[in-house]
Amino acid sequence: MSITLDLIVFIVLALFIVASSILAVTTKRILRAATYLLFVLIGTAGIYFQLNYSFLGAVQLLVYAGGITVLYVFSILLTSSEGDQAEKLKKGKFFAGLIATLAALGICLFVMLKHKFLSPVFEHGELPVKEIGMALMSTEKYGYVLPFEVISILLLACIIGGIMIARKR
Amino acid sequence: MVQMEYYLIVSTIMMFVGIYGFLTRRNLLAMLISVELILNSVDINFVVFNRFLFPGQLEGFFFSLFAIGISAAETAVAIAIIINIYRNMRNIQVKNLNKLKW
Amino acid sequence: MEYTVLILLLPFLSFILIGLLGTKLKPVAAGAFGTVVTGAVALLSYWTAFSFFGAGRNADGVYQTQIPWNAEWLPFGDSLHIDLGILLDPISVMMLVVISTVSFMVHIYSFGYMKGETGFQRYYSFLSLFTMSMLGLVVATNIFQMYIFWELVGVSSYLLIGFYYTKKEAVAASKKAFIVTRFADLGFLIGILIYGFYTGSFSFTPDSEVIGTAKVFLPLALGLMFIGGAGKSAMFPLHIWLPDAMEGPTPVSALIHAATMVVAGVYLVARMFPLFIGYAPEVLHVTAYVGAFTALYAAVVACVQSDIKRVLAFSTISQIGFMIVSLGVCTSADPHAGGLGYMASMFHLFTHAMFKALLFLGAGCIIHAVHSNEMSAMGGLRKYMPVTHVTFLVACLAIAGIWPLSGFFSKDEILAACFDFSPIMGWVMTFIAGLTAFYMFRLYYNIFWGRENKELHAEHKPHEAPLTMTVPLIFLALVTLAAGWIPFGEFVSSNGQAYHIHIDWSVAAVSLCVAAAGIALATWMYLREDRKVADSLATRFSGLHKAAYHRFYIDEIYQFITHRIIFACISTPIAWFDRHVVDGFMNLLAWISNKASWLIRGMQSGYVQRYGIWFLGGALGLTIVLLLI
């Protein structure tokens, strides 16, 4: 297998994502964890770009990186006092979590690599936004207007629910 | 081109890192961040499957798209709850949240 | 004739309305509504009878049986299905007239009798329920519909006996009535199931080729059905509930426990008569012996009771015995050759309903006046209540069988049928007829003549009943006077052909003489104030008198059997088994789960991350299991 530009980009992205995600769950300061999460999300968006799903990558950047992370930062600043650090884990808990996770990871990777997928084909080519828009609003077969509307209602419910839960009594 | 399994390996690692974080972090917000990692890894999987296995279709793509929307909603509600907990307990350490036992 | 559906629907509607509105309705409004509805039902019944009999006979010389409405309700198979419908034939139309008439009279009468009682609305609602169920019973198109309404009748009887539910005796009596009749109905139900299983239908008239295979089981099925009928009709030894049922309001006793419901058993046998005659004549004769014994027993007991309602209750049992005997002595379906009893039984049912309702309503007036059921509180009442006196006398003469009152004609036919069957049966029944005359006139003299309870009457002067109560009395007395002249055989007979009633004067003379002797004896013993003869007889035969007064200890025997044998020897061990073994096992299970939950409740720590680890472990385990398979 020759080393192509694609592969190099992928390896860089993969290392970036894995390193950032590990840091996100191990760092002591919660604000840093949020920052590493931002990196992971940006890396994921990079993967989407690489897969020629530019629209999805843009959404990922907009909603996740731009919206959700900001939400996290705000709530962290609201709830944590300065210099707040995660207390040190007890050894037992640390190992319990680590071993369980590693075992599960091993099994999952084993299953995934052993599994015979359909023969993968990769077709280059951008997915036009027009097609996405048509499919999203289509009421025919392979049209997504119903989930689209359901999501809208869910978001509305979340707005109301969020306000109801967080408001001062 | 990059083989499909590589992407899957990355997403699997991301998923279990998230699970590890969920199990070990003591701060509710940090746990929520771990949940985001898990969700994100699933999104990657959907997209990859769509791109490599069913290139003519759009199901995985749209699933990811909707998942992003839903995770936004979920985060908003979860943060509202966490803020409410903070308001009541002046604290968001999960070890203090054991009122739901027995 | 689709309007006959209204005969059932109207009282049902009234039951629902009065029952639901309850005390929101003024008592007078509830009563008036119920009475008007029942009046409408009575008119509809008369119109039905008029058009049914007015249509004339068909080519075979019988009145065409009509089913104006029928709905298949619960199908089990091709032929086996439960229907709800309306069947009109001579006996059901006759019963419609009887029930709606008596019910209407009782509705009117209750206005006066129940005035000011609490639960007036409830009373009228139950009366409507009863009327509906009884009418449904007689017009049933199949035996299962009959059973359904049969049970409804039982329920309404239970409700009405226990009307004064604050009174301990009334509650006990209602329970007793319900349990005894339910017990008998079990036989009825099993009989129906056997019948349905072997003939493949619930119809009253199954196809004859179907019967061929079921012939062996028909006597068993019919015998079991008769047990149900015996329970409702208070045949010995299932009669014990009827005297106690007198705890209910007196109009209820008149309607349910004298005129209509208790003849349901007679009606059942009459309804199944073709099958009885065709396939189980020996069972039919057994019913005759049961009926004869019951009639004799009840007549003897009635001679010594002191509670006037109980006397009437036992007289009812005795008269129903007469009807059952009359059906039982039939040997063929031809009224000219051994089938006379069927017509006689139905005729007696008709006349008895009228004069027995009259007797009970009269007794109600008397109880209303002196506020007691005991004869000792009465005596000499003829001065105070003339209308009641005259109508009561008419009824007494009718039940005693004096010409030209209605009882004479029907009883004469019964005795003729009995003499046809066997002379012994004839003479026994004649003797009972004499006893009937005796105890009825003993009752009559003790109430209206004889020794007056002067202190009580001075303290509280008896008065004639109000108009709402006397009008039904007068109406029923007129019916009693006239009913004998109805050419009953023209309408109802065992094979449906016209039968011209002719009085067998040899039998009639004997029965008249016996009745006159009974009346004379009663007059001699009870007319005067001192009653020397009666008292001395009572002391001389004190053992017999006491036994008869206590109804030959049948209730005590029941008590003994239920308490000492069934409760002590069967129920107690079962209860012990239930409490200690069955419940113990359940308690053990509960104890185990309790302990186990204490052991594992530590897992429910409340820490979400610990749950997360459990969840992950579970998912992992499941994955491994799936991989290994």
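**Helices and contacts in a predicted model**

In this predicted model, 18 of the 19 residues of helix 4 of chain C are buried, so this helix is largely enclosed by the rest of the structure.

User: How far does helix 4 of chain C reach from its first C-alpha to its last?

Analyst: Helix 4 of chain C covers residues 120-138, which makes 19 residues. At 1.5 Å a residue, the expected reach is 27 Å. The helix comes close to that, and its reach is 27 Å.

User: Which pattern does chain B follow along the sequence?

Analyst: Chain B contains zero strands. It has three helices. Read in order, the pattern is α-α-α.

User: What percentage of the residues of chain B count as buried?

Analyst: A residue is buried if 20 or more other C-beta atoms lie within 10 Å of its own. Chain B has 102 residues, and the share that counts as buried is 51%.

User: Which helix of chain A gives the most residues to the side that touches chain B?

Analyst: The contact takes 67 residues from chain A and 57 residues from chain B. On the side of chain A, the elements giving two or more residues are helix 1 (5-26), helix 2 (30-50), helix 3 (54-79), helix 4 (91-114) and helix 6 (145-166). The top contribution is 13 residues, and it comes from helix 3 of chain A.

User: How many nonpolar residues does the side of chain A that touches chain B have?

Analyst: That side of chain A includes four charged residues. Another ten are polar. The number of nonpolar residues is 53.

Conventions
Residues are numbered from 1 along each chain as its sequence is written. Chains are lettered from A and ligands numbered from 1 in the order in which they are written. This is a predicted model: local features need pLDDT of at least 70, side-chain atom pairs count only at pLDDT 80 or more; totals for chains, interfaces and linings use all residues. Helices (H or I, at least four residues) and strands (E, at least two) are DSSP runs, numbered from the N terminus. A residue is buried if 20 or more other C-beta atoms lie within 10 Å of its own, exposed if 12 or fewer, and partly exposed in between; C-beta atoms are placed from the backbone. Two residues are in contact if their C-beta atoms, placed from the backbone, lie within 7 Å. Ala, Val, Leu, Ile, Met, Phe, Trp, Tyr, Cys and Pro count as nonpolar, Asp, Glu, Lys and Arg as charged, and the others, Gly among them, as polar. The expected span of a helix is 1.5 Å times one less than its number of residues.
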